[in-house]
Amino acid sequence: MSKNIFSPVRGMKDLYGVDFNKYQYIIDTAMKISKKYGYSPIETPIVEHTEVFQRSIGDETDVVSKEMYTFKDKGDESITLRPEGTAGVMRAIISNNIIVSNNLPLKLMYYGPMFRYDRPQKGRYRQFHQLGFENIGAKSPYIDAINIALANEILTAVGIFDCQVCINSLGEQLSRENYIKAIVKYFSIYEDKLSEESKIRLKKNPLRILDSKDQGDKEICSMAPKIYDYLSKSDLKYFECVCETLSKYGIKYSIDNLLVRGLDYYSHTIFELKVCNGQYKDAIGGGGRYDKLLSLLGGPDVSGIGFAIGLERLMMLLNDKKFQPKENIISVIPVSEKEIDNAFELYNTILSNDIRAEFIHIGQNLSKKVEIASKLNSTILLIVGSDEIKNNTVTVTYLNKTEDEGRNKTVDRNNIIGFLKHI
Ligand code: AMP
């Protein structure tokens, strides 16, 4: 089969124009907010040893068992394009000995591309970007609530005001193990009626049956044992405190007892952020507490909590209009060949004053050059003809869609920089 090498690889896309502006805006806003909460940035490699993800995310999860881009490199090592950011950050903390006894809690944030070999659809790509936060070493319901508040604050700051926080608790390991036993018993009764995927999950990862999208599974799940009946007293107290603290923060949340999340490393609080205006139903972000993740990878036995926001899904919800470039694009245009050098000098003077400009000297005549400038979305033309040179002036023409459109103005050449700085 012949491939169209000029299309990006399926499920991947180029980031430019308005989308790039949105991406940058989200990152800048999140960076500013993250400083207030004491986070510092970290960038880890896009590939890790495959085992980093197998050990942390869990072999039986969809991400590890079906969705990873895993390759043998030329040294016959199995490496994987990261499907999420937390595991790599944990690996980096261990490799670089970032945790020394007195620097906890350690707060790190990251952003960048992630890769999952998933079925591409709206809001689901094979290369997508996540913005993530990890807070390691402090285990308390208040920290969990603060994390949820941080995620919520970022979404609000970029203009998402109708975000809904769904939370659940997976408790400590023992509570979770007891609960898993109970649901395996329950789902085994209905095994014949479960979807094919859930039948496999019953053997490999029973918790995930709870977030099946299959209608038949959903009906069976609605009667399944609830995790709250299996949480220990202290797990319940912890969860109640998270909920109370969220209420004190004024953060609206709903408890979703079917929320389990797709990665194995979670314990206690887990959460997802959704938008409730019907525009997009899948989660924009999610996260939770992980008690054993660092120790599982060979690091110290400290708990952490983190979350990641999917940037493509968030960008989809932001209004394109707000992210169209607004700056003036100034085009310097010599009327004919004779004025090229003089106009070029003007163009250079403008650039050296840190003002964005284009030099349009190609084109048979003035109207062709104006057409080119217009295609470049120029908003202001600076025309240099023989009269202008003689009088030491510049003719300014407005192309932007304002009341000035089409108007001409003559500006003294000596004052042109001051003039441009004030438009
Ligand atoms: P997860 O790492 O699965 O908890 O996902 C966290 C967030 O990343 C989700 O809420 C999505 O916004 C985003 N995300 C996960 N998978 C994809 C994907 N295949 N395409 C686009 N965004 C994704």
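**View 1. Proline 105 and the loop between α4 and β5.** Proline 105 sits in the loop that links α4 (86-95) to β5 (106-115); helices (H or I, at least four residues) and strands (E, at least two) are DSSP runs, numbered from the N terminus. The peptide bond leading from leucine 104 into proline 105 is cis, with omega near 0 degrees. Asparagine 97 belongs to the loop between α4 and β5 too. Although asparagine 97 is not a glycine, its phi is positive, about 50 degrees. With a relative accessible area of 59%, asparagine 97 is exposed; here buried means under 20% relative accessible area, exposed over 50%, and partly exposed in between (1.4 Å probe, protein chains only).

A word on the model before moving on: it is predicted, so local features need pLDDT of at least 70 and side-chain atom pairs count only at pLDDT 80 or more, while totals for chains, interfaces and linings use all residues. Residues are numbered from 1 along each chain as its sequence is written, and side-chain values use heavy atoms, with hydrogens and water left out.

View 2. Leucine 170 lies in the loop between β7 (163-169) and α6 (173-189). Is leucine 170 buried or exposed? Its relative accessibility is 4%, so leucine 170 counts as buried. Leaving aside residues up to four places away in sequence, leucine 170 touches Arg176, Leu207, Ile227, Leu231, Val260, Tyr266, Ser267, His268 and Ile270, where contact means heavy atoms within 4.5 Å. The C-alpha atom of leucine 170 is 9.3 Å from that of arginine 289, a residue 119 places apart along the chain.

**View 3. Aromatic rings.** Across the whole structure there are 16 aromatic pairs. Rings of Phe, Tyr and Trp (its six-membered ring) pair if their centres lie within 6.5 Å; planes under 30 degrees apart are stacked, over 60 edge-to-face, and the rest tilted. Tyrosine 265 and tyrosine 266 make an edge-to-face pair, 4.9 Å centre to centre with 65 degrees between the planes. Tyrosine 265 is buried at 7% relative accessibility, and tyrosine 266 is buried with a relative accessible area of 4%. Tyr39, Phe133, Phe271 and Phe307 come together in one aromatic cluster.

**View 4. The sheet β2-β4-β3.** This open sheet has 3 strands in the order β2-β4-β3, with antiparallel pairing; two strands pair if DSSP finds at least two bridges between them. β2 (47-49) and β3 (69-72) are the edge strands, each with a single partner, so one side of each is left without a neighbour in the sheet. From one strand to the next, the twist averages 35 degrees; axes are lines fitted to C-alpha atoms, for helices over the stretch in contact, and angles run from 0 to 180 degrees between N-to-C directions. β3 and β4 (residues 78-81) run antiparallel, joined by 4 bridges, and phenylalanine 71 stands opposite isoleucine 79 in β4. Helix α2 (residues 50-57) lies across β2, β3 and β4, at about 75 degrees to β2.

**View 5. The sheet β13-β12-β14-β15-β16.** Here 5 strands form an open sheet in the order β13-β12-β14-β15-β16, with mixed pairing. β13 (357-359) and β16 (408-412) stand at the edges with a single partner strand each, so one side of each has no neighbour in the sheet. The twist averages 25 degrees from one strand to the next. Helix α12 (residues 340-352) packs on the sheet and touches β12, β13, β14 and β15, its direction making about 160 degrees with that of β13. Helix α13 (residues 366-375) also packs on the sheet, touching β12 and β14, and its direction makes about 165 degrees with that of β12.

View 6. Why is strand β14 (residues 380-384) described as largely enclosed by the rest of the structure? Because 5 of its 5 residues are buried. Ile380, Leu382 and Val384 point one way from β14, and Leu381 and Ile383 the other way. β14 runs parallel to β12 (residues 330-334), with 5 bridges between them, and isoleucine 330 has isoleucine 380 as its bridge partner. With β15 (residues 393-398), β14 pairs in the antiparallel sense over 4 bridges; there, isoleucine 383 has threonine 395 as its bridge partner.
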